[in-house]
Amino acid sequence: MTTVFDEHLVVVDGSDGDRLECRVCGEDVCSTDENYKHHLLQEVTPVEEANPNLVDPGTYVDPDMEFRRYYCPGCATQITTDIMLADREPIADKRLD
Amino acid sequence: MPYVIGTDIGGTFTDTVVIDDAGHRVTAKASTTPDDPVSGAVESVTAAAEKLDLTFAELLAETDVFFHGTTLVTNALVEGERGDVGFLTTKGAEDEIHIGQVKTRTAGLPFREIQRLAGMSKPEPLVEKPMIHGITERTDYKGEEITPLDEDEVLSAIDDLRSKDVDSIAVSFLWSFADDSHERRVQELIEERTDVDVYTALSSEVAPKLGEYMRGATTLINAITGPLMSSYLTQLNEKLRDNGLDGPIYLMQSNGGVLPITDAAEHAEGAVSSGPAAGVVGTRFVGESIDREDIICTDVGGTSFDVGLITDGNPKSVPEQVVNRYSLHQKAIDIESIGSGGGSIAWVDETGHLHVGPESAGADPGPACYADGGDRPTATDACLLLGYLDPENFLGGDHELDVAQAREAMREHVAEPMDMSVEEASAAVVDIMNSHMSDLLRKLTVKRGYDPRNFDMFAYGGAGPMFSSFYGQKIGVDSVVVPLSRMSPVYSAFGITTSDLTWVEERTDITNEPFDRDEINGKFRELRDRAEDQLLDVVDTDEADIEFEYRAEMRYQDQIKEIDIPLPDFPLSSAQVENLSERYEDELEKRFGKGAKYASASVQISTFHVTASVPTLNPTIAEAKAVETAGEAHTGTRDAYWFGPEEFVETDIYDGTVIAQGERIEGPAIVQMPETTVTVRPGQTASVDSYRNIVIEME
Amino acid sequence: MVDRKISGSEKFEAPLEIQDLDEVKRHVDLHEVDDTDVDPVTFEVLSHRFSQLTEEMGSTVKNVSGSVVATDANDFQTTVGDEKGNLVEIGPYMLFFTGVTDRVAKWVLDHRAENPGINPGDQFLCNDPWIATMHQSDVSLAKPIFWEGELFGWATSIIHQVDVGGYAPGSFTPQASDVFAEGDPIPPVKIVDQHDIRSDVEDAYLRRSRNPPELALDLRAKRAANNLAEERIHEMIEEYGADTVKKVMKRDLEYTEERFRNKLSAYPDGVWSHEHYIEAAKTEDRGVYRSTLEMEIDGDELTFRVSGDESVGMINCTMSGFVGGTTSAILPLMAHDLPWSLTSYVRHINYEADDDIIVNADFPAGVSMGTVSGTFHVHNSAAACINKMLGSSEEYKDDIAAGGCGCWPTENVMGTDRQGRTFATMIMDMMSGGYGATPNNDGVNSAGNPYAPRGMCPSIERNEVNVPMLYLYRREIQDSGGAGEYRGGAGVEICYLPHDVGGPDGDPTDAELDSAKTCMGTAFPPTNGIGGGMPPNSALYKGVRDSGVQEDLRAGDIPQEIEHIGDVELYHPKLQTVQGGDDVFYISWPGGGGYGDPLDRDPDAVLADVVDEYVSKEAARDLYGVVIDGQGVNAAVDEAATEQRRDDLREQRLANASFPGGGDR
């Protein structure tokens, strides 16, 4: 039985509990108990690379900021992106109960 | 017996009305032929001719005037089938027509259609970006040239557009209404540069009003639909002339007037959404003949309820017209609509609450009783189940209504979920429908500061006469008139024949208080003279026959919204000029209550507006003699449900085609005709006058 | 964090419900009903009338108000409520005001019933953010509606006023460290006393403003709208009786709440969260401030929890803002097919907020930016949480709309108009941001702002006649829409300079305009894409001083890029400055976020974007992996190169990325 987790991930029954899987290529990502972002490939770039019209945030602010892109380790599909303070941990922003 | 013909090309049907000088009327319908509209029109006129035992040509030979209305322009815009247009505008303002002041996302849409964020959209652009050229030139707010016109850029733009095979070019520069010299120069350059005629539209001519997006949209629509309209009207003209028509041929405009078809193509945008305007104009005409000047005009069709207003014999208009979410700088008869009609679907939501509409079964699949695939109960089904409609005599017996289907649909979707009988459910549906309609009516009259109890009501359209005795009662008018009774479903075609030649001149020229009498009169005079010239150009008439109407759009300075104030006279005296601000503030308070005006705020006139009109030959509508009753008008009885007693009551049925003039019918009663059905409630009284209007006096 | 709590200010912290109903009833007779039994036809008929009523009120506000704020930006709201102020209906206007106007009524009942009393014909004015608004610029007027001696219901109208005092023109006060530098909050005061405006109270209200006529005209607009509501409600009562009308109002609330519960039950259960930031708490500040919002659905229960940085500078909002930020996201994403009877939502939702954080700031924190920082900050996060939730709902995922234009760079302008009078106004062009992409369509370009369904943008010409300015350009911004399988809608930019300040014969040495700027969302985009979509652009303020542009224009050149005019300054997002007669200013605002992976976008769609200049060829190649050759009508997709490019980009993704926790592939 599968439950949709988001646009690119589904929850499937695993032998050891529920697991997240990529809907595009079937890659097993992690257990639903974990922070899924820890198990996706994360690319970190400067924020201003996220859109051609952006300027370096450092022009305005002191804390470092990052643009983080998360890919399926199997097919490299871009699953989600985040604009974050560099010293903030990736947030497990989706949890089905 | 010279005839007047009115032919209206609608979305589905092309309707024709033929009236002779004794007032004898025949009507006919044919299917609209969208690929070749002229042939649908010919078919429709031929069908009418046959009822007079004449051929198409014989009828035309005896015809004095041919009036015409079409949805060609509206359809072209909505369906996006149109020629290629190029657009020249001020450099830096190229995107204004795409930004559309953001209004293009919501204009004309009811609230429920803008609640869902994921469902938002804008209409197809009037012109694609590669076809837009920004030209270096600039005029400022006072009409002063800031940047001269770069003629090389203009020539280069023209060459590019020619290489793209455009059919027309629209030009709209910022502040062109304050100074049009740059636009005029562009027109000269286009004429010099192109050896074939490229249709050109200048915003300073088409819509010289403040607001570059709306001015640009109006000009683009003129340019887009001009060639289309020109080709169609030329064809029509030829067809009619070749078949023996000598008299004038007129085209209906959304401002309620007509223009000769030889000139109408240059102002194609004027024909947008002209159909509903015709109903209001026809009502003014009929109303005048029976001494009614304050009328609420109601048109109930299958999917919508359209309402207009006439006060002191003048239809209310608005300065801005919305078509397909585009806002045009164009005066139009004010018609407001809600999606409430014969096809409105009754449904119960998951919490058990009853609703009617806004979804409609339309004409396809239609109400359940049409047995055409519709299985949801509609207002028409409710009316059938309540006994208002005769299943065997609907549309003159052409289309038998299936009572069993109606009953089943009502039972399954409303009666059972609501734990009601089918009859109770039908009564609830009709009650709700009528409440929604009377709410709209109340809102429209009251928002303009009027009391509906001081009005009469006219009801037409396919379903108007069936519902009007209810919503008329609810809203408190004295009487409801079903104008020209059997004309009801082709009322627009009739309405066009009552329209006058009309030309509008307007210009934004922001003028602040204190007002100078000579300056104000001068600005109006310039427009008046231009309007007069235009009319004299297109029609052979005496200057004395031209009537002028003068209006000033006024507001508080810095305020956005304007109110249209008619001038008491022209030219204005000094006292009248001084009094203008007071007239504005009185109207403000009338509409928005005491305290809406603010003494320290200063008033300005933003747009000057003159409408010139010349009467056309109008149809005769009186019956030459009283109808000889072929037999009793009373044809029997059946049970029908009425809200007063809240039960089914044996109800008299009458044949509306043979009711004698002056005969009075006491409600409850149902008057049936092949074209429409009229209900008369308990306590109401109906009669037929010499024009065959059915007049229902409210309780 | 506020330096020192102000004792004596506790009275002005408004809770969500009436505190002492018995005490209220000692001074005012309330019309109440015991049940909500009403026949289905009457319910449908009267509900329909109520839903029409707030739009009628809105028409009155727009028609009588002096300002483009109301007529175009729709930065106002009209509401109708029952005897306790519970909102039965709100208009399709500024949805941020959803957490607000019932609390004015409730506070008035608790605190004004005895002294000075609540009587027929009274109307109460309030702009106190701790009682019932998001910032002092939003001034509400609440009218108790009586019937036969009993208080039957409430009508409220609220409009954003251009200037209500404070240190900076336009009252968004970039320098403020607390509310005392901003416009003074006014707790509810009886400004209309038994039908007449009290001139002493009106004077006190107008005295604080740089634009008293605007306040006075808008006061009359609100009064007229509230009076209209009373008239309509009286008509309904005359036709149906007071009890029946009231039962319909109460039933409306129950009905909406029931349908909302059903919707919540149909959504998946879970917790979705979003972290969002605001840059710069005040002038010259270079900090980044964080709030984290969590949305939990458990059956038909909905909870919003927020934590984050303490209140600071002038970027904060009060509880009103927290509530308004969430409900303004709920209505168009979750409740678009339900009546917008506000109280039904607010009283059903559980709100949990830490004390004295940016979005639940204690008095006397600076809140003058309340709508365009704190509340918008919550709104963007709430919309993101809702979209994430919808992504796991098979039934409702088509309701996703990625974050639309997520900020409003304010530009308040003051100076001498062409008649030689002082004016103060706001540029309202920002009502043209892009909407976010959806699972089935690109976001709408230059669409408005998601919290103002009927918002409009003034024409260039209208602005040039009302404000002494001249535009060089106004256009949709290339590459502003967030990339994705579906592209976010484009945002818009403007570039302009002063023109004929003081009139055509104005004093050239006095040709400048005062400018106050406040913005959240310049240092980084204020919203992001969804489902792998990319963010849109950010807002930016730029300028070129002593530009010489007037000469360029006369000489036949209209610059189309501010960079071509001279040295461009990038302005701090909290700034008060002056625009000299020869200074060119530039402002841009965001488009919408993208939906889905840009490498999945149909190459033909990218081609169309390039032809229409929504996407540059470079971005087509870099973000979408689509290679386009040729120009204009000859532009075409190089299919082989595109396939290769996309393969390369995917390989690069894998090569450049790593697991955040460490760990092997």
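A pocket, as I use the word here, is an open set of points on a 1 Å grid with protein on both sides within 12 Å along at least five of seven lines. The model I am reading is a predicted one.

**Entry: the second largest pocket**

I looked up the second largest pocket and found about 1000 Å³ of space in it. Its lining counts 38 residues, and the closest to its centre are C:Arg475, C:Glu476, C:Gln478, C:Asp612 and C:Glu613. I then asked which elements give two or more residues to this lining: chain B contributes strand 6 (132–135), while chain C contributes strand 14 (469–476), strand 17 (540–544), strand 20 (584–588), helix 14 (603–611) and helix 15 (617–622). Strand 14 of chain C holds the largest share, with 3 residues. Sorted by class, the lining has 15 charged, 12 nonpolar and 11 polar residues.

**Entry: domains of chain C**

The domain assignment that I consulted divides chain C into domain 1 (39–259), domain 2 (401–599) and domain 3 (602–656). Taken over C-alpha atoms, the centres of domain 1 and domain 2 of chain C are separated by 31 Å. I also noted the contacts of this pair, in which 23 residues of domain 1 of chain C meet 25 residues of domain 2 of chain C.

**Entry: cavities**

The largest cavity contains about 200 Å³ of space, and among the 23 residues that line it, C:His274, C:Ala384, C:Lys388, C:Gly529 and C:Ile530 lie nearest its centre. Strand 7 (78–85) of chain A, together with strand 8 (270–279) and helix 11 (371–390) of chain C, each supply at least two residues of this lining, and helix 11 of chain C gives the most, with 5 residues. By class I recorded 13 polar, 6 charged and 4 nonpolar residues in the lining of the largest cavity.

The second largest cavity holds about 170 Å³ of space. It is lined by 17 residues, with A:Ile83, C:His274, C:Glu275, C:His276 and C:Tyr277 nearest its centre. The elements that give two or more residues to this lining are strand 7 of chain A and strand 8 of chain C, and the largest share, 5 residues, comes from strand 8 of chain C. The classes in the lining of the second largest cavity are 7 nonpolar, 5 polar and 5 charged residues.

For chain A I read 0 helices and 8 strands, and its C-alpha trace spans about 50 × 20 × 15 Å along its principal axes. Of the 97 residues of chain A, 55% count as buried. Chains B and C share the most contacts of the 2 pairs of chains in contact, whereas no contact joins chain A and chain B, whose closest C-alpha atoms lie 16 Å apart.

**Entry: helix 1 of chain B**

I checked the length of helix 1 (residues 37–51) of chain B: at 1.5 Å a residue its 15 residues should span 21 Å, and its end C-alpha atoms are 22 Å apart, which agrees. The buried residues of this helix include B:Pro37, B:Val38, B:Gly40 and B:Ala41.

Notes: Residues numbered from 1 in each chain as written. Chains lettered and ligands numbered in written order. Predicted model: local features only at pLDDT ≥ 70, side-chain atom pairs only at ≥ 80, totals over all residues. Heavy atoms only, no water. 1 Å grid on protein atoms, 1.4 Å probe; cavity = no way out; pocket = protein on both sides within 12 Å on 5 of 7 lines; lining within 4 Å. Points joined across faces, edges and corners; volume = space filled by probe spheres on them. Helix = DSSP H or I, 4+ residues; strand = E, 2+ residues; numbered from the N terminus. Nonpolar A, V, L, I, M, F, W, Y, C, P; charged D, E, K, R; others polar. Expected span 1.5 Å × (residues − 1). Buried < 20%, exposed > 50% of the residue type's maximum accessible area, 1.4 Å probe, protein only. Domains from an automatic or database assignment. Contact = heavy atoms within 4.5 Å.
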